[in-house]
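Hi,

Here is the structure I promised to pass on.

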Amino acid sequence: MQRASSLLKSKFSSVAFTKRWIIYCPFDFKSFVGYEEIEAYLTTLGARVIGCSKEGRKLLSLRVGEGPVCVLEAGIHAREWASPMAALYAVDKIINEPIPGLTWIIVPLLNPDGYEYSRKSKSTRFWRKNMNKTKSLWCNGVDINRNFSYRWGDPAGCSKLPCMDTFCGLGPWSERESMAMSTLLGDEKDIRVYFSVHACQQAIMYPPACTSEKPIDIEDLEGVAKEMSAAIKSRYGKEYEVGQSSVISRLTAESKTQRTWTPQDSTLKSSLWKITGSGR
C-alpha cells in the first residue's frame with residue numbers, strides 16, 4: 001500500500017514512540033465474541049467510556065498514538081458481526097505494531113444493545129438497529145447510521161416508519177450512540193481520515209453517498225481504495241469492489257456517518273469498508 005502510506009506521510013508529521021508494549025488479545029478472531037468479552041479487553045487497554053446505551057452497556061473508545069487523527073468506527077449495525085471483530089483486530093495490530101505520527105480513535109462496537117440482541121437467537125440474528133423505544137406500539141429500534149444530522153430524513157436512504165430497518169429516529173441525534181460519537185469527535189481539531197467498517201459485501205467505498213456527484217478529492221480516495229483492494233487480493237485472494245458509495249452500494253445512503261458531522265475541510269479523507277464474513 002505504497003500510495004496509501006505516502007499519502008498519510010505527506011499529511012502527518014512523524015512522532016516517535018518512546019515505549020512499546022506487547023499486549024496479547026484474549027481471543028483468536030476465529031469466532032465472534034460477546035459484548036462482555038469485548039468490554040473486558042478494551043477496558044484492559046484503558047478504553048474511555050463515551051456514553052451508555054439504552055440498556056446500560058458502555059460505549060467504549062480507544063485512543064492510541066500521537067499526531068493527526070484517524071477515526072475507525074465499527075459495529076453500528078447489529079447483525080454485522082464481522083465489523084466489530086475487524087475493528088478489534090485493527091486494535092491488536094495498532095497496539096502492537098504502532099504507526100508513528102498518528103492518533104487512532106477506535107470505536108469497535110457502537111451498537112452493543114443491538115449486537116447482543118442479534119446474538120440472542122436465530123429469530124433475532126438479522127436485527128440491524130439499536131434497542132431504543134419508538135412511538136410505535138409494535139416496533140423498536142433506530143438505525144443509528146441514519147440518525148446523523150447530514151440530510152437526516154432523506155427518503156432516498158432512510159425511512160420514518162419505526163418498523164423499517166432504516167428507521168432514522170425521531171430527529172437527528174435522537175440516539176445515545178450517535179450523540180456519543182458527535183461528542184467524542186466534536187473537540188478534535190485535526191481529523192484527517194474517517195473509516196466506517198460494515199459487512200458483508202466486500203467493497204471499499206468513498207463518499208458522497210446521497211448523490212452521484214464526484215468528490216473533489218476523488219483521485220486520493222480512489223487511489224488509496226484501489227491500493228487497499230489490491231493488497232487484500234494479494235494476501236487473501238479476495239476481490240473487493242472499489243467505488244463511490246452512491247454508485248456501488250445497494251443502499252444509497254450507506255455512508256451517512258462520513259463527511260457529515262466530522263470537519264468539512266479538504267484534508268479529511270473518509271472511506272467505508274464492507275468486509276467479508278459469513279456471520280455464522
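A word on conventions first. This is a predicted model, so local features need a pLDDT of at least 70 and side-chain atom pairs count only at pLDDT 80 or more, while totals for chains, interfaces and linings use all residues. Residues are numbered from 1 along each chain as its sequence is written, and side-chain values use heavy atoms, with hydrogens and water left out.

**Overall picture**

The protein chain contains seven helices and eight strands; these are DSSP runs numbered from the N terminus, with helices being H or I of at least four residues and strands E of at least two. Of its 280 residues, 54% are buried. Here buried means under 20% relative accessible area, exposed means over 50%, and partly exposed is in between, with a 1.4 Å probe and protein chains only. The accessible surface is about 13,600 Å², and carbon and sulfur atoms account for 53% of that; the areas come from the Shrake-Rupley method with a 1.4 Å probe, and for residues only the protein chains shown count as cover. Taking contacts (heavy atoms within 4.5 Å) between residues at least 6 apart in sequence, 75% join residues at least 24 apart.

**Confidence**

The mean pLDDT (the predictor's confidence in each residue, from 0 to 100) is 83, and 80% of the residues score at least 70. Helix α4 has the highest confidence, at 98, and helix α1 (residues 2–11) the lowest, at a mean of 45. The pLDDT is below 50 over residues 4–21, a stretch with 28 contacts in the model beyond near neighbours in sequence. Residues 251–261 are also below 50, and that stretch has 61 such contacts. Where pLDDT is low, the predicted coordinates should not be read in detail.

**Cysteines**

There is one disulfide in the structure, a disulfide being a pair of cysteine sulfur atoms within 2.5 Å. The bond runs between C139 and C163, with an S to S distance of 1.9 Å. It is right-handed, with 90° about the S-S bond. Both cysteines lie in the loop between α4 (112–118) and α5 (176–186), 24 residues apart. C139 is buried at 15% relative accessible area, whereas C163 is partly exposed at 46%.

What about C158, which is in no disulfide? Its nearest cysteine sulfur belongs to C168, 3.9 Å away, and that is too far for a bond. C158 is buried, at 11% relative accessibility, and C168 is buried too, at 0%.

**Aromatic rings**

The structure has five aromatic pairs. Rings of Phe, Tyr and Trp (its six-membered ring) pair if their centres lie within 6.5 Å, with planes under 30 degrees apart counted as stacked, over 60 as edge-to-face and the rest as tilted. One of the pairs is F29 with Y89, which is edge-to-face because the planes are at 85°, with the centres 5.3 Å apart. F29 is in the loop between α1 and α2 (35–44) and Y89 in helix α3 (residues 82–96), so this pair ties together parts 60 residues apart in sequence. Another edge-to-face pair is Y117 with W127, at 5.3 Å centre to centre and 80° between the planes.

Finally, the charged end of R125 sits over the ring of W81, 3.5 Å from its centre, and also over the ring of F126, 5.5 Å from its centre. The criterion is NZ of Lys or CZ of Arg within 6 Å of the ring centre and within 35 degrees of the ring normal.

Best wishes
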